[in-house]
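Here is a friendly walk through a structure that is new to you. Have the sequence and the 3D view open while you read.

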Amino acid sequence: MKQTVAVLGPGSWGTALAQVLAENGHDVRIWGNNPAQIKEINEQHTNKHYLPDLKINESIRAYEELGAAVKEADAVLFVVPTKAMRAVAHDFAQVAENQPMIIHASKGLEQDTHKRISEILYEEIPAEHRRGIVVLSGPSHAEEVAVRDITTITAASERLEDAAYVQDLFMNGYFRIYTNDDVIGVETGAALKNIIALGAGAIHGLGFGDNAKAAIMTRGLAEISRLGVAMGADPLTFIGLSGVGDLIVTGTSIHSRNWRAGNLLGQGHKLDEVLENMGMIVEGVSTTKAAYELSRQLNVEMPITETIYRVLYEDEDVKQAAKEIMLRDGKTEKEF
């Protein structure tokens, strides 16, 4: 059934998801706060800063005015950086006139509060303006979705019927959705894998080989699982798409901005220089701080996250940090 969907955030992922929805026959609107970008989408049907090779479906309309974008929408998809999520959700609540399904496809933890994105949305959007909240997450590069490469991700909600609605919205011959009711696990895996991707990139930048990359990703997944379970997640979620799947795609690919940032750090570049040159948000940097603080609060051991935190926020030399983590006291593999 044709639905009206407002996509809030015309970055690479928001644009790719809007394209999927339009190809599925839905009425798609995309909102952003950059007038030049909105004009480009409407007139040129391109978004060259984010997806330079994509010709955007001409049925997609872009809006500067949030109220017009979400008016009578059946679903509203939030795809904005974590640091902007609360403000955009608040603004949406001020202009919303109906009760759409709320979906988010962002990955991170809020600074200071350490809250997951669905928690922010519940706080900022009153019940009369949300039919439900669904998380859309998993191993996916916007660049590959944009060229219809085969992709499988997860729609997670406490109510599986809401997840199934999102599944029906997005599924097609190249974009497959699985449902899940473990919102905590899906959001935690999505956020924390960006930290490990930074580390995996740094390992590559330092010149280490496949053994080291396998080590950091495997032990990184153990850290993700430990913190997730302490937060209330189902441990089985972390061997699924939004756990090991998302970690593989983010921790091994040049498409991943977190991997690319880590690679530059491993080559000796300073964090400020790396972030300036990326041109896009690197969610793993802020998530590292939030996860480090949360791990201490919950008394969960996360040595890789702690090491990356010291490199990012205490200016520790990345080569020295790699050496120190290898010289930690020996443990059993199952030891927390």
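1. A definition to begin with: two strands count as paired if DSSP finds at least two bridges between them. Please also keep in mind that this is a predicted model. With that in hand, look at Thr 4, which stands opposite Asp 27 in E2. Strand E1 (residues 4-8) runs parallel to strand E2 (residues 27-31), and 5 bridges join the two.

2. Now step back to the whole sheet. It is an open sheet of 8 strands with mixed pairing, in the order E3-E2-E1-E4-E5-E6-E7-E8. At the edges sit strand E3 (61-63) and strand E8 (175-180), each of which pairs on one side only. From one strand to the next, the twist averages 25°.

3. Helix H1 (residues 12-23) touches E1, E2, strand E4 (75-78), strand E6 (132-137), strand E7 (151-156) and E8. The direction of H1 makes about 165° with that of E2. Helix H2 (residues 35-43) packs on the sheet too, touching E2 and E3, and its direction makes about 165° with that of E3.

4. Strand E4 deserves a visit of its own. E4 pairs with E1 in the parallel sense over 4 bridges, and with E5 in the parallel sense over 4 bridges. Which residues of E4 are buried on its two faces? Ala 75 and Leu 77 are buried on one side, and Val 76 and Phe 78 on the other, so both faces of the strand are covered, buried meaning under 20% relative accessible area.

5. Next come the charged side chains. The structure holds 18 salt bridges. One of them joins Lys 115 to Glu 123, with the closest N and O atoms 2.3 Å apart. Lys 115 is partly exposed at 26% relative accessibility, and Glu 123 is partly exposed at 41%. Both belong to a network of salt bridges that links Arg 86, Glu 110, Lys 115, Glu 123 and Glu 124.

6. Which parts of the chain does the salt bridge between Glu 187 and Arg 116 tie together? The closest N and O atoms of this pair are 2.5 Å apart. Glu 187 lies in helix H8 (residues 183-205), whereas Arg 116 lies in the loop between strand E5 (101-104) and helix H5 (117-124), so the pair ties together parts that are 71 residues apart in sequence. Glu 187 is buried, at 4% relative accessibility, and Arg 116 is buried at 10%.

7. Arg 310 is buried at 17% relative accessibility, while Glu 306 is partly exposed at 34%. Thr 305 is also in helix H14. Thr 305 is buried, with a relative accessible area of 1%, and its contacts beyond four places in sequence are Ile 195, Glu 223, Thr 288, Ala 291 and Tyr 292.

8. Finally, a look at the record. An unreviewed UniProt entry places the feature "binding site" at Ser 12, Trp 13, Tyr 50, Lys 107, Ala 142, Arg 257, Ile 281 and Glu 283. From this set, Lys 107 is part of the lining of the largest cavity.

9. Two of the listed positions can be compared in the viewer. Ala 142, in helix H6 (residues 142-145), is buried at 7% relative accessibility. Beyond four places in sequence, Ala 142 touches Ser 12, Trp 13, Ala 16 and Leu 51. Ile 281 sits in the loop between helix H12 (271-278) and helix H13 (283-298), and is partly exposed at 33% relative accessibility. Beyond four places in sequence, Ile 281 touches Pro 81, Lys 83 and Arg 257.

Conventions:
Residues numbered from 1 in each chain as written. Predicted model: local features only at pLDDT ≥ 70, side-chain atom pairs only at ≥ 80, totals over all residues. Heavy atoms only, no water. Salt bridge = Lys/Arg side-chain N within 4 Å of Asp/Glu carboxyl O. Buried < 20%, exposed > 50% of the residue type's maximum accessible area, 1.4 Å probe, protein only. Contact = heavy atoms within 4.5 Å. UniProt positions renumbered as here; feature names shortened; annotations may be inferred. 1 Å grid on protein atoms, 1.4 Å probe; cavity = no way out; pocket = protein on both sides within 12 Å on 5 of 7 lines; lining within 4 Å. Axes fitted to C-alpha atoms, helices over the stretch in contact; angles between N-to-C directions.
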